[in-house]
Amino acid sequence: MRALVYGGPGLREWTEVPDPQILHPTDVIVRVETTTICGSDLHILKGDVPSVEPGRVLGHEGVGTVIEAGSGVSSVAAGDRVIISCMTACGSCSYCRTGMYAHCLADEGVPGLGWALGHVIDGTQAELVRVPFADFSLHKIPEGVSDEAAVMLSDILPTGFEIGVRYGRVKPGDVVAVVGAGPVGLAAMMTAGLQGAARVVAVDLDANRRAQALGFGATDAVDAGASDWEAQVRSMTDGLGVDVAIEAVGIPATFTACTKIVRAGGTIANVGVHGAPVELALQDLWIHDIAITTGLVSTSTTPMLLNLVARRVLDVEKFATHRFAFDEFMDAYDTFGRAADTQALKVIVAR
Ligand code: NAD
Ligand code: ZN
């Protein structure tokens, strides 16, 4: 089969590799029909994620058809259309039993699963992929949900909702600021309304991303580069600051930005993946009763979100801005890697 193989920092190739095989009775092989690229894949290519070894097939998002199921798989069978979750979970360890699939303890030759695909085992940017513990790592796709919609449920939609909106404890009437209007920030904006947010303020440096945010549930957009950006956000509240500030970039400046706009008693939900130390002004924050949350998505809300997508409550197809065939994978990376120029949100790579 062909797959997108990581060759070390800066190196990637769409190339021939051996077909994956069932290794354990709980594995399935999925024929990938639609996949996409995540900001984390770009981090890997920069060499920021040393746990990814050269030779690894990248990708942790995908939709396809099961072509072979191990003897221990009971919830899916050959022929089923499925979403491949970015989290691989055994379903029975102590973390899985509380729904924290991100911290699954199962040992697959590598200690701990969770984010395994395209990280410590071969991933979804391939014609075929082996998915371990298929019963807990795949979701059957209901009739009427397109591949392009379904693939948004592998990672970005649950991430924005679980780590942004839910951990941020968004409640009815809240003013929520989302710093960073990339796919993950937009997913948080789109799902903040599910918990009753009254106002959702997108904060980004990029004018195109700010404009797009207004189509994804943001009620207002503020230029993070404006000298009075903080006052602008505050003016959209009762003057005291936002109830919830969601960090969806992953750099020190945006975490600090969240600390500046959150009200006393509010919550900062950090979603961004940080590669550098971030200063925490605890000496200023403690007296304001600020809660800070962090997390890696568990995808425990994927079935609920899939229901909302199937019933057209959430229109996630609009995340897809560019489309490529599998043999155009290198171009897809190039377009996604230059998102500021190409205005890409999610690039769809399909058969
Ligand atoms: P992205 O790079 O597409 O979007 C980031 C956005 O931030 C862009 O629109 C950019 O213009 C904006 N931005 C950059 N600097 C800014 C600044 N100083 N002020 C305001 N806005 C600024 O990223 P994405 O794919 O949407 O992902 C967002 C973050 O979420 C990344 O760090 C990613 O690694 C992380 N992530 C976390 C999890 C998790 O489980 N916690 C899962 C998936 C992704
Ligand atoms: Zn587990």
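The legends below describe close-up views of a predicted model.

**View 1. Zinc ion (ligand 2) and its cysteine donors.** Cys90, Cys93, Cys96 and Cys104 each supply an SG atom, at 2.3 to 2.5 Å from the zinc ion (ligand 2); donors are N, O and S atoms within 2.8 Å of the metal (3.2 Å for Na, K and Ca), with water not among the atoms. The site is tetrahedral, with angles of 99 to 123 degrees among the four donor atoms (four donors, all angles between 85 and 135 degrees). Ideal angles for four tetrahedral donors are 109.5 degrees.

View 2. Cys90 and Cys104 both lie in the loop between β5 (81-84) and β6 (128-131), so the pair ties together parts 14 residues apart in sequence (strands are DSSP runs of E, at least two residues, numbered from the N terminus). Cys104 is buried at 3% relative accessible area, and Cys96 is buried at 4% (buried is under 20%, exposed over 50%, partly exposed in between; 1.4 Å probe, protein chains only). Cys90 is also buried. The disulfide count is zero (a disulfide is a pair of cysteine sulfur atoms within 2.5 Å).

**View 3. Met100 in the loop between β5 and β6.** Met100 is partly exposed, with a relative accessible area of 31%.

**Notes.** Residues are numbered from 1 along each chain as its sequence is written, and chains are lettered from A and ligands numbered from 1 in the order written. Local features need pLDDT of at least 70 and side-chain atom pairs pLDDT 80 or more, while totals for chains, interfaces and linings use all residues; side-chain values use heavy atoms, without hydrogens and water.

Conventions
Tetrahedral: all angles 85-135°; square planar, octahedral: opposite > 155°, others 65-115°. Helix = DSSP H or I, 4+ residues; strand = E, 2+ residues; numbered from the N terminus.
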